[in-house]
Amino acid sequence: MSVTPYRHAAVAAGTMLLALTAAGCSGLDRTAVGTLTYESGHEHHTTVTSPKVTGCHHFEHPGAIAVENETETDAIVYPTDDCSGGESIYIPSMTSDIPAPGAGPWLSYSFVH
């Protein structure tokens with residue numbers, strides 16, 4: 001009896017597991033393909049091209065008073081500097097939003113992934 005067929009099966013299974021692990025980690029540097037444009041007072045517009053999907057991003061001071069999400073990924077904007085708070089707004093891909101009068105600017109944003 002030979003152990004060769006079992007060895008080949010073990011090598012194949014190990015190779016498949018390694019490939020699946022690498023594919024799962026490849027999304028860590030994924031970007032939101034497209035642009036996120038925002039106005040930060042005095043009609044100053046800033047465009048961010050293909051920002052990373054992971055993490056909390058900050059709007060320039062004094063914050064965003066209008067956001068246009070022209071990426072392929074949905075975004076969430078927050079009135080806090082650390083992407084927290086219950087007053088966040090969901091901005092789907094290819095849409096825009098402005099805060100309600102008197103609500104103040106958005107200070108940070110993140111992407112849904």
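Does Tyr109 count as buried or exposed, and at what relative accessibility? At 3% relative accessibility, Tyr109 counts as buried; the word buried means under 20% relative accessible area, exposed means over 50%, and partly exposed lies in between (1.4 Å probe, protein chains only).

A word on the background: this is a predicted model, in which local features need pLDDT of at least 70 and side-chain atom pairs count only at pLDDT 80 or more, while totals for chains, interfaces and linings use all residues. Residues are numbered from 1 along each chain as its sequence is written, and side-chain values use heavy atoms, leaving out hydrogens and water.

Now to the rings. Rings of Phe, Tyr and Trp (its six-membered ring) pair if their centres lie within 6.5 Å, with planes under 30 degrees apart called stacked, over 60 edge-to-face and the rest tilted. The count by this rule is 3 aromatic pairs. Two of them are set out here.

| Pair | Centre to centre | Angle of planes | Kind |
|---|---|---|---|
| Tyr38 and Phe59 | 4.7 Å | 70 degrees | edge-to-face |
| Tyr109 and Phe111 | 5.8 Å | 90 degrees | edge-to-face |

Ring pairs join Tyr38, Phe59, Tyr109 and Phe111 into a cluster.

His61 is also found in the loop between E3 and E4, but His61 is exposed, with a relative accessible area of 76%.

Definitions and conventions: Helices (H or I, at least four residues) and strands (E, at least two) are DSSP runs, numbered from the N terminus.
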